[in-house]
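I opened the notebook to go through this structure piece by piece. Below is what I looked up, in the order I looked.

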2 protein chains.
Amino acid sequence: MVLADELAKQQRSISVAEFFEKNKHLLGFDSPTRGVITTIKEAVDNALDACEEAQVLPDIYISIKKTGNDIFRIIVEDNGPGIVPAQVPFVFGKLLYGSRFHQIRQTRGQQGIGISAAVLYAQLTSGLPTIVLSRTGPKESAHRFEIQIKIETNEPDIISQQPIEWDRTHGTRVQIEFRSTMSAKKKLLEYLKYTSIVNPHARFRVELDDESFTFERVSQEVIACPVAIQPHPHGIEFGQLKRMATASEEKLLDFLVEGFSRVGKKSAQEMCDKAGLKGMVRVKGLTTEQLKALLAAMQAVAVPAPPSSQCLSPIGEELIRRGLDKEFQMDFVAARTRQSSVFSGHSFMVEAAIGYGGKLPPEGTAIILRFANRVPLMYQQGACAITGCITNVNWKAYNISQQGLPTGPILILVHVASTNVPFTSESKDAVASIPEIEKEIVLALQDLGRDLKNFLSRRDKNKVAEDRARAVCAIIPELAAKVSEIVDKPLVDTSPIEGKLMRKLIAKKWTRDNRVTIEAINYAGHDGEVSVYDISHDNAADASPKPDFVSEVEGQFTKVWKVIVPPQKIWRVTYSGKGGGMLDIRGIDDNKKMVVDLDV
Amino acid sequence: MVLADELAKQQRSISVAEFFEKNKHLLGFDSPTRGVITTIKEAVDNALDACEEAQVLPDIYISIKKTGNDIFRIIVEDNGPGIVPAQVPFVFGKLLYGSRFHQIRQTRGQQGIGISAAVLYAQLTSGLPTIVLSRTGPKESAHRFEIQIKIETNEPDIISQQPIEWDRTHGTRVQIEFRSTMSAKKKLLEYLKYTSIVNPHARFRVELDDESFTFERVSQEVIACPVAIQPHPHGIEFGQLKRMATASEEKLLDFLVEGFSRVGKKSAQEMCDKAGLKGMVRVKGLTTEQLKALLAAMQAVAVPAPPSSQCLSPIGEELIRRGLDKEFQMDFVAARTRQSSVFSGHSFMVEAAIGYGGKLPPEGTAIILRFANRVPLMYQQGACAITGCITNVNWKAYNISQQGLPTGPILILVHVASTNVPFTSESKDAVASIPEIEKEIVLALQDLGRDLKNFLSRRDKNKVAEDRARAVCAIIPELAAKVSEIVDKPLVDTSPIEGKLMRKLIAKKWTRDNRVTIEAINYAGHDGEVSVYDISHDNAADASPKPDFVSEVEGQFTKVWKVIVPPQKIWRVTYSGKGGGMLDIRGIDDNKKMVVDLDV
């Protein structure tokens with residue numbers, strides 16, 4: 001017997017479940033901590049996608065509990081449309097099964113692998129089946145399943161299935177238990193924080209051992225569900241065209257118009273002419289050579305880009321800014337949503353934002369937030385094209401220091417939305433290097449870099465102006481004293497000059513003829529919203545306007561006026577009294593106010 | 001009808017071929033250039049694996065030709081054992097099919113995806129089937145196949161199959177054509193250069209358009225084929241154990257001894273005792289709870305690490321050094337093969353090498369050569385754990401400058417050999433971050449870093465000593481002249497002092513009483529292998545020793561002695577004559593020799 005016969009005996013088909021059981025790190029299950037995050041991420045992705053399809057505001061409950069002996073129980077429950085009982089075993093018990101793989105539109109789930117990978121990991125490490133509850137409507141009964149995967153065949157193994165009472169009218173609940181050593185609290189909260197930023201319409205309630213958290217929704221608006229489109233004639237490969245043609249019963253002209261995005265009757269006819277084919281022939285009967293000519297013609301005829309507004313769901317500049325403002329306090333935030341573009345026939349759109357200063361850590365490399373189809377990417381930052389693009393931008397041109405990544409109090413957010421996000425692996429942690437996408441990311445970042453540079457130079461200019469003003473102000477009182485001495489006139493009040501130069505809010509108090517006057521003059525560029533405190537022996541009973549608050553302690557009266565002084569305006573109060581005592585303004589930074597008590 | 005019913009209609013099973021057609025970048029087909037390299041890499045991997053199994057020295061022919069119209073034809077042919085006709089369609093026409101996935105041993109191919117992915121890419125881009133020729137022995141007929149993949153089912157589609165004449169007695173030839181724009185010459189030659197380094201027993205002949213190249217084998221020794229082992233009791237997960245138990249007809253004791261690596265009767269009995277189970281029970285009948293107890297017991301009982309010497313095939317320090325010496329000219333090379341270790345029950349071994357100086361580019365970041373199971377990793381350097389480890393080593397501690405990666409004339413090679421290399425994606429371009437592997441890589445690099453530091457400090461010390469000696473030598477002749485003037489004696493010959501200080505080889509010639517003497521004195525630390533040239537009017541007929549070569553031109557005699565002067569020894573020749581003329585030593589650097597003609 002020849003060696004090849006020996007070798008042939010070892011040849012075997014490998015089930016996709018076996019493959020991913022052995023290569024579970026490809027699915028994001030390379031460490032138990034990461035396994036927890038991956039499981040929750042996949043379940044939440046499904047919940048958000050389903051809620052979007054049902055047009056309900058997502059209300060998602062997440063729980064992680066240690067049940068003893070290194071076993072962690074993860075529960076994710078949603079108020080989505082539910083899954084019909086016949087489909088539940090396949091959705092959870094078969095890898096590569098799903099509704100979104102074949103649709104050309106932006107979804108979080110793409111591959112039909114995610115949640116079943118978690119089921120696989122659970123049965124591998126704990127031996128426990130996954131428990132699924134689902135209900136599709138108030139008139140339907142809820143069903144409870146215990147599911148595993150038959151590894152050798154990648155088919156669902158239904159351990160049990162029965163109708164059950166459930167107080168939800170619609171939704172799905174999945175309970176997965178696997179061996180782990182940590183509950184990954186920090187990473188989980190980070191994940192939910194970032195998920196909230198890009199899904200402002202979703203509420204998350206979390207129970208983690210004995211703690212609970214809520215991430216409240218900030219928008220009451222349901223996100224429009226992206227609509228599936230046909231493939232674009234410029235992005236199709238020969239193999240796909242051949243397959244579509246073989247499966248079609250249509251005539252060529254109809255096949256082109258109905259099967260492809262953006263192809264009207266006119267362009268379809270042009271394609272037929274260019275390919276030397278009649279529009280009335282059956283597509284099924286075309287030879288390989290004819291199909292090749294057709295493909296060349298389809299790609300040669302100009303048609304508009306895919307209709308991204310239907311199939312993509314960008315977050316929008318306003319919501320990105322609001323989301324970032326909610327989670328980070330920064331001095332500067334700018335966001336950009338780029339026009340949609342195309343790679344290999346797939347629509348995509350890049351959104352980006354830059355934040356600066358405020359409570360961001362002043363040193364170290366930038367905080368990078370990466371998102372794809374509204375899902376935060378939590379691992380493999382180094383392997384991601386987004387990180388590569390950020391590194392490749394010359395930040396020094398925008399007055400930002402850089403060591404590979406930019407450094408300093410800076411935050412960079414990038415969101416890639418696409419009908420088919422090209423990830424570097426099935427775990428969907430990093431975007432692959434696709435030149436078209438990289439170009440868009442870099443353009444967005446450069447655009448934002450220019451905004452940031454303007455902000456920084458304005459800030460620096462303000463600082464220079466302030467420094468100069470401060471230097472001038474320092475000598476004004478001396479100058480005034482000298483002048484009053486020479487001309488032998490009483491010393492004038494120089495505070496308005498200083499106030500003007502320094503853009504301050506000035507409060508002054510003086511007393512003439514038993515009449516006390518307090519003025520607040522606002523030299524700043526915006527409203528001054530302050531409280532004026534006046535403490536003296538005067539009770540200010542006839543004050544106009546009346547104080548908002550008066551109190552007496554041993555003959556000392558504290559009078560408080562809450563006032564808003566518009567820019568360049570004066571607020572004034574007078575009352576009968578002897579003056580003296582103490583004046584103060586509160587509710588404003590010390591370096592933005594100046595109190596001048598002319599009675600002293 | 002509820003929404004869930006609507007959604008259910010879109011649920012579908014996704015064939016693994018469909019999945020990878022859509023996600024072809026996961027397989028290394030994200031650009032046409034990369035597609036060429038990936039295809040050749042997969043075919044060569046298979047050829048090398050098959051030759052190893054057949055224990056023949058691999059002779060691999062590779063051809064890339066543009067056949068017009070953006071179509072490139074790639075041919076890879078080997079002298080391996082061939083594939084039996086019944087298996088050919090599955091090996092090339094079905095993803096996830098192969099002989100090496102289920103074996104626990106080091107192989108280049110692991111997944112049963114590689115070459116069929118190339119077939120898939122070909123039919124997608126060019127619509128052309130892949131042509132396979134294979135013959136399993138001199139008595140068997142060769143067969144020719146035209147194969148495609150049925151995308152919807154991931155089953156082979158045999159376009160044609162027939163016996164054919166072929167002058168090879170055994171081997172396989174695969175011809176794949178796909179749309180591409182470049183032939184990727186530079187990357188291909190790089191790939192073959194690196195493949196040669198770690199496969200010194202393989203010969204590659206390449207035809208690239210109109211050029212041909214040969215990468216000759218440097219070792220005539222066939223690599224021992226790694227032997228498959230059983231799973232290790234410490235590395236098994238519950239799910240696997242349960243599956244093995246369900247499939248077994250054996251009694252527990254036999255099941256443990258025969259089914260697992262390193263489990264003898266004694267440890268098997270200990271496992272049974274710890275689990276509270278009788279050794280004679282049938283494994284098939286064990287309950288889930290009993291299996292859990294068994295798994296805990298299996299992991300608690302101490303057994304030796306997996307027998308890596310059988311299942312792994314490291315390259316070895318000597319061959320790594322030789323391979324690097326052949327391809328790079330460097331001043332320093334050191335290599336390390338670490339002891340084998342284990343992650344998740346998989347054996348692995350790390351080898352590393354560092355080269356320095358010589359013809360390496362003096363500036364810029366280090367050249368990184370990454371290998372896994374004797375296959376060079378050509379893409380995604382940034383995403384690879386190997387790169388991460390190199391970056392994490394503190395090279396400054398070894399006097400190497402560093403900007404993330406080390407910089408300067410430095411080359412770093414890392415080879416990870418394992419029964420299951422954890423790649424970051426199916427394209428097998430980057431090793432995933434596995435702490436156990438990373439630890440071994442870092443230890444190997446630190447060890448080599450110390451060697452390099454020693455080399456550099458020795459070199460620097462030599463340089464300092466040389467600089468000092470040079471300074472001293474510069475004043476010696478003046479010193480001697482001064483002394484001879486003061487004591488009124490003739491000038492002495494200072495060359496031996498300089499020779500000693502500078503560790504040079506000195507040649508001297510002088511003439512007294514019509515007797516010519518030539519001496520070569522070796523002050524260097526090693527043999528001086530030189531030719532002594534003496535050109536004068538003397539014919540040196542009575543010279544002792546005789547010159548190796550004499551020639552005459554117009555009365556001038558050139559006499560040449562080929563001599564080896566051991567360290568600290570003197571070689572001497574004398575002959576009758578008038579002396580004068582010219583003396584030289586050749587075969588030694590100018591700065592390592594000194595010629596003193598005392599007749600002048």
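Entry 1: I started with Asn154(A). At 6% relative accessibility, Asn154(A) counts as buried. I noted that the model is predicted. Asn154(A) sits in the loop that links strand S6 (142–150) to strand S7 (155–164) of chain A. I read its phi as near 55°, which is positive in a residue other than glycine. Most residues other than glycine have a negative phi.

I then looked at Gln380(A). Gln380(A) is not a glycine either, yet its phi is positive, about 60°. I found Gln380(A) in the loop between strand S15 (375–376) and helix H13 (385–392) of chain A. Is Gln380(A) buried or partly exposed? Its relative accessible area is 26%, so Gln380(A) is partly exposed.

**Entry 2: cis peptide bonds.** Most peptide bonds are trans. I checked the bond from Ser544(A) to Pro545(A) and found it cis, with omega near -5°. Pro545(A) belongs to the loop between strand S21 (528–536) and S22 of chain A. In chain B, the bond from Ser544(B) to Pro545(B) is cis, with omega near 0°. Pro545(B) lies in the loop between strand S21 (528–536) and S22 of chain B.

**Entry 3: domains.** I listed the parts of chain A. They are domain 1 (16–215), domain 2 (233–300), domain 3 (317–457) and domain 4 (495–597). How many Å separate the centres of domain 1 and domain 4 of chain A? Taken over C-alpha atoms, 62 Å separate them.

**Entry 4: Asn79(A).** I moved to the loop between strand S3 (71–78) and helix H4 (88–93) of chain A, where Asn79(A) is placed. Asn79(A) has 12% relative accessibility and counts as buried. I followed its side chain to two backbone atoms. One is the backbone oxygen of Leu57(A), at 3.0 Å. Another is the backbone nitrogen of Asp59(A), at 3.0 Å. Leaving out residues up to four places away in sequence, Asn79(A) also touches others, including Cys51(A), Val56(A), Pro58(A) and Arg168(A). His170(A) is 91 residues from Asn79(A) in sequence, but 5.9 Å away in space, C-alpha to C-alpha.

**Entry 5: Thr130(A).** I found Thr130(A) in strand S5 (residues 130–135) of chain A. Its relative accessible area is 0%, so Thr130(A) is buried. What is Thr130(A) in contact with, beyond its neighbours within four places in sequence? I noted Val119(A), Ala122(A), Phe145(A), Glu146(A), Ile147(A), Val174(A), Gln175(A) and Ile176(A).

**Entry 6: strand S19 and its partners.** Strands of a sheet pair through backbone hydrogen bonds, either parallel or antiparallel. I looked at both kinds here. S19(A) pairs with strand S20 (residues 515–522) of chain A in the antiparallel sense, over eight bridges. Lys509(A) has Ile518(A) as its bridge partner in S20(A).

I then checked burial. Seven of the eight residues of S19 (residues 505–512) of chain A are buried, so this strand is largely enclosed by the rest of the structure.

**Entry 7: a four-stranded sheet.** I traced an open sheet in chain A with the order S22-S23-S21-S25 and antiparallel pairing. Which are its edge strands? They are S22 (549–553) and S25 (582–586) of chain A, each pairing on one side only. Neighbouring strands of this sheet are turned by 20° against each other on average, direction ignored. Five bridges join S22(A) to S23 (residues 556–565) of chain A. Glu552(A) has Phe557(A) as its bridge partner in S23(A).

**Entry 8: the two copies.** Last, I compared the chains.

Definitions and conventions: Residues are numbered from 1 along each chain as its sequence is written. Chains are lettered from A and ligands numbered from 1 in the order in which they are written. This is a predicted model: local features need pLDDT of at least 70, side-chain atom pairs count only at pLDDT 80 or more; totals for chains, interfaces and linings use all residues. Side-chain values use heavy atoms; hydrogens and water are left out. Domain bounds come from an automatic or database domain assignment. Two strands pair if DSSP finds at least two bridges between them. Helices (H or I, at least four residues) and strands (E, at least two) are DSSP runs, numbered from the N terminus. Axes are lines fitted to C-alpha atoms, for helices over the stretch in contact, and angles run from 0 to 180 degrees between N-to-C directions. Buried means under 20% relative accessible area, exposed over 50%, partly exposed in between (1.4 Å probe, protein chains only). Contact means heavy atoms within 4.5 Å. A polar contact is a pair of N or O atoms within 3.5 Å; within protein, one must be able to donate a hydrogen and the other to accept it, and residues adjacent in sequence count only if both atoms are side-chain atoms.
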